[in-house]
Amino acid sequence: MECKKISARTARLNNFILGQSVAPPASASSSSGGFTEIGQTQDGGSVPMETALSREGLLDSLFVLYEECSKDVIKKKDKNVADFVNKYRPIINQTRSIRVNVNDFNVKNLIGKGYFGEVHLVSEAATGEVYAMKKMRKAMVTSTQIREERDIMASRQSDWITSLQYAFQDQECLYLVMEYLPGGDLLSLMIRIGVFDEELAQFYLAELTEALHSLHSIGYVHRDIKPENILLDRFGHLKLADFGNATAINKDGSVTSMTPVGTPDYIAPELLQTLSTTIKSSRGNHDVTCDFWSMGIIGYEFITETTPFHDENVNETYSKILSHCEGRFARKLEYPAHVAISSHFRDLLDRLVTKVSNRIGYKEIRRHPFFSDINWEKLRYKIPPIIPNVSSDDDVSNFEDVDKSLKRNAFVSKPTYPISKVHDFSGQNLPFLGYTYVYEELDPAGKYRDTDEHMATTRLSQKIKEQDRLLKDHKNEIHQLQRDLLEKDRKIATVNAHNKIFGETKKELENLQELLKMKTAELAAAKTDIKTLKNRLKIEEEQRSKNDASIADLLKQTYKKWERAKQTSDQNYEKQIAERKTEISALNEKFRAQTGELRSKVEECSQLQSMIENYKDLLKKSKNQLMVDKEEFDKSHRELVAAYEAKHAEVKQRCKAEKELRVKQEEQVRELRARLQEYENNVKNTEHSHKKFVDNIKRRMTIQMEEAKQVSDKMSEEMQRKCEDLRKEINKLQEQSVSSSANSSKRSSLQEQEFRSANSSIQSLNVQVEEQLRHDLIRASRKVTKCRLPRSLPKFNESGFSGYPDFDNC
């Protein structure tokens, strides 16, 4: 290697210190920038020579050295250190007042607040220039985070990236002073607009594609793309911001992530690989398309107002993201039923929100049919569909609630600094050496001049250049508008031909609008009615619940009363049953006694019958002897016997009729028993009908018993009448027999005595038969009455009194 002269090396060193290095890539010169690597940082990152040897870097080193040496413990240890501090104290104080610091700015408004710090709208005290100043606590960030963010914005290599004006620090905080974009962020625009149509979504997705490509082109990947980190300038074009999670791209195009970074709803699945326990010890490698995954999520949010994998539980969100990319075949996004989306837009989102092997990159996105009508070369100069309403340079009306960023906490890891003694050497500011940055432009001579006049001139030149660039942009827009105007003039001729149709259509539209108003009013009335009905329904439901409760209480009370009444009634029934049982027992005893009497009477009748047979034999003998003399008597006697047999047959017939009547009465009793069973079933439902039915049954039984008694009385009367008739006939026969016996008295006195004794026996027999028949009829009527009583009370039989042996014999 050829040895260069000392003067050449010294000139090169001066160029480094003054920021005049021409090392590529070339850009507007600054006090720090470039990519010449001279060493490694603590985390393995390279340190550019322009940063280490720049003016601001050397001053940062001097300040850190002075602050560490200013500690009392260190000064007491070494006299040289104390001398150094005393010597450079005035120089340090003067230099600190000259360098950019927080006192150079006036804070106006808080426009953003996040995990790492706050963003304020500020104005430079000396010039009134408006900037956005980001303030971060050193304890909350790592040197890698702040270095990447500072270097990206300080490069000023793209109009799609927010530019950095100043960067400085104090003992506790780091400050980034950036250009202020009054259009607000994309999230605020989404909140104001609501659902985006596809034309609006196409424009912002196209600009986001170019912005991400510009960031990737300078060697960085963002890794935290979300609406809050996309800002809009005063003309409506977007710029990327918040590069705290950005990292450099490796030479092979890959990106190495030690920990997952990003916002849960927008993070790509490959960034979640480091969460796996199986590969936790290894580094996760991915590429720049992780930013395009986040862009696809934003596109989905444009038309649905929600993210596809959102869940209140962050772990569930990660699980949904990973499961969406599992399997051999690519899965499709699912949309709500009310969302209308074209096939091209759906295909674009499906090819962005997919696993990394199927995800499309920048070139494929530009060629996608969804962006077929986008002029990518002139996209930055196209008039945006929405131009922010900005009243002044410090207008903050386009920024929504400053706490909105807290709703989407980024996945970050806290830095770990060793806890040092307060008065000992800590070295906690060493990671931030070279952080200070001041943007400056070269004068025509190619040298920096630090006078106030020159600084004002450079700022003015910067403004002039910016205005020239904007003027050029506006000229291009004017030419484009002129071409559009000519095209519109050609179309006007065609439009005039359709004025008539347009007029008719307009009238029809007015009619439809009137109809729409009417329907809207009807809809409002219907909604009011529905609301009223809902309120009524709610009131009725409450009243119904109250009524149900009261009915339940009433039923409960009624059931208790019914139980008590039933218990009382059962007790009364049991008492009556006991009484009836006693009566029945007495009747059974009486019946048994009468049965014994009847048997004795039957025996007497049989004896009398045998006596009658004897008397008949005697009469036959007398008849044989007195055949001639007693023909008339025999004839009359035969007639009497025939009459007696007829009467006896008639009595049997009547007994038979009585038996048939008894059968009918038994059928009636069975019917009564069936009715009583039906009544017994109904008695469970109502006590009143039970009592009424029991009274009816009792009344009917009483009536039937009276009817049976009347029938028995009638039969007794008839039997008595018949007995009287028989007695009269017997008396007549006796008179005839007496007359005939008087005529033949002369024949034999012995025969007359025998006849008289027979006559007296017949008379006594007639009297006994008459009395016996009368007693039998009375007993039969009583017996029928007794047989009906137990058959009409089946309830007593079911209650345990089913055995009535005496009545079964009826």
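This is a predicted model: local features need pLDDT of at least 70, side-chain atom pairs count only at pLDDT 80 or more; totals for chains, interfaces and linings use all residues.

Residues are numbered from 1 along each chain as its sequence is written, and side-chain values use heavy atoms, with hydrogens and water left out.

Let us begin with helix α9, which covers residues 290-304. Helices here are DSSP runs of H or I with at least four residues, strands are runs of E with at least two, and both are numbered from the N terminus. Helix α9 has 15 residues and spans 22 Å from its first C-alpha to its last, close to the expected 21 Å. That expectation is 1.5 Å times one less than the number of residues.

Is helix α9 enclosed by the rest of the structure or exposed? Of its 15 residues, 15 are buried, so α9 is largely enclosed by the rest of the structure. Buried means under 20% relative accessible area, exposed means over 50%, and partly exposed lies in between, with a 1.4 Å probe and protein chains only.

I turn now to the salt bridges. A salt bridge is counted when a side-chain nitrogen of Lys or Arg lies within 4 Å of a carboxyl oxygen of Asp or Glu. As background, side chains of opposite charge can pair when their charged atoms come close. How many salt bridges does the structure hold? The structure holds 21 salt bridges.

One of them joins Lys519 and Glu522, with 3.7 Å from N to O. Both residues lie in helix α14, 3 residues apart, which is about one turn of the helix. Lys519 is partly exposed at 45% relative accessible area, and Glu522 is partly exposed at 44%.

Helix α15, residues 631-682, contains Arg654 and Glu650, which are 4 residues apart and thus separated by about one helical turn. Their closest N and O atoms are 3.8 Å apart, in a salt bridge. Arg654 is partly exposed at 35%, as is Glu650 at 30%.

Also in helix α15, Arg662 and Glu666 are 4 residues apart, again about one helical turn. These two form a salt bridge in which the closest N and O atoms are 3.6 Å apart. Arg662 is partly exposed, with a relative accessible area of 23%.

Next, the surface patches. Patch residues have over 30% relative accessible area and no salt bridge; like charges are joined within 9 Å, and nonpolar side chains (Val, Leu, Ile, Met, Phe, Trp, Tyr) within 5 Å. The accessible areas come from the Shrake-Rupley method with a 1.4 Å probe, and for residues only the protein chains shown count as cover.

Which residues make the nonpolar surface patch of about 380 Å²? They are Leu509, Leu512, Leu515 and Met518. Leu509 lies in helix α14 and is partly exposed at 44% relative accessibility.

A patch of positive charge on the surface gathers Lys556, Lys560, Lys561 and Arg564. For charges, Lys and Arg count as positive and Asp and Glu as negative, with His and the chain ends not counted. Each charge is placed at NZ of Lys, CZ of Arg, CG of Asp or CD of Glu. Lys560 is in helix α14, residues 499-625, and is partly exposed at 44%.

On backbone angles, most residues other than glycine have a negative phi, and most peptide bonds are trans. Arg156, although not a glycine, has a positive phi of about 50°. It is found in the loop between α6 (143-155) and β6 (164-169), and is partly exposed at 26%. Glu305, which follows α9, also has a positive phi, near 65°. The place of Glu305 is in the loop between α9 and α10 (314-324).

Finally, two long-range pairs. Ile191, in helix α7 (residues 186-193), is exposed at 52% relative accessibility. Its C-alpha is separated by 8.5 Å from that of Glu400, 209 residues apart along the chain. Glu199, in helix α8 (residues 198-217), is exposed at 63%. Glu199 and Phe370 are 171 residues apart in sequence, and 9.9 Å apart from C-alpha to C-alpha.
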